[in-house]
Amino acid sequence: MAFKSNAAEALTPERPKSLKPLYLEAVSRVERLHRRLLDLIKDEFDRMGWDDINPVQALLMFNIGDAELTAGELRSRGYYLGSNVSYNLKKLVETGYIFQERSRSDRRSVRIKLTPKGEEVAEVIDELYDRHLKSIDKVGGLGDDEFDGLNKALARLERFWVDQILYKL
């Protein structure tokens with residue numbers, strides 16, 4: 001009877017793993033992690049009774065922080081994940097979370113910054129992250145070294161993807 005053991009394969013370091021399943025798992029994890037982060041933020045807002053903004057808009061405000069930016073700068077700095085930055089900015093202006101003003105030097109350019117209401121949202125996200133940091137090493141087993149390695153690997157993956165786009169590889 002021909003029997004192939006997965007345990008025997010795992011113990012044989014000489015056999016190279018196929019890179020494709022590992023790559024696809026990494027891509028899938030990046031997507032899931034972003035969705036889980038949005039879920040965490042939504043849960044926080046639900047506990048607070050906030051329902052007039054969504055988690056993507058909250059992350060947008062967190063990333064703006066105390067800066068004054070244009071929509072283009074938000075995209076180019078990588079602060080915004082998504083295609084509807086104009087829609088979300090419009091909604092945040094309408095609901096009083098973001099203040100926008102035309103540039104004095106270039107009337108085509110619109111500068112945005114958080115209102116006090118938007119600053120409150122950014123602070124809630126900052127406090128959520130601080131709460132996570134108090135237990136992430138002990139509970140999640142993720143400390144400085146793990147995050148350093150993770151961030152380096154993700155930066156290399158991002159650079160690879162950017163090169164694919166820029167150089168049409």
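Arg111 is partly exposed, at 24% relative accessibility. The model is predicted. In this model, Arg111 forms a salt bridge with Glu68, and their closest N and O atoms lie 3.8 Å apart. The pair connects distant parts of the chain, 43 residues apart. Glu68 sits in the loop between α3 (55–64) and α4 (71–76), whereas Arg111 belongs to strand β2 (residues 110–114). Glu68 is also partly exposed, with a relative accessibility of 38%.

The structure contains 11 salt bridges. In helix α2 (residues 19–48), Glu44 and Arg47 are three residues apart, about one turn of the helix. Their side chains meet in a salt bridge at 2.9 Å, N to O. Glu44 is buried, because its relative accessible area of 9% falls under the 20% cut-off. Arg47 is exposed, at 60% relative accessibility.

Lys90 and Glu94 form a salt bridge, with 4.0 Å between the closest N and O atoms. Both lie in helix α5 (residues 85–94), four residues apart, so about one helical turn separates them. Lys90 counts as exposed, at 53% relative accessibility. Elsewhere, salt bridges with shared partners join Glu44, Arg47 and Arg131 into one network.

Asp144 is found in helix α7. Asp144 is exposed, because its relative accessible area of 71% is over the 50% cut-off.

Key: Residues are numbered from 1 along each chain as its sequence is written. This is a predicted model: local features need pLDDT of at least 70, side-chain atom pairs count only at pLDDT 80 or more; totals for chains, interfaces and linings use all residues. Side-chain values use heavy atoms; hydrogens and water are left out. Helices (H or I, at least four residues) and strands (E, at least two) are DSSP runs, numbered from the N terminus. Buried means under 20% relative accessible area, exposed over 50%, partly exposed in between (1.4 Å probe, protein chains only).
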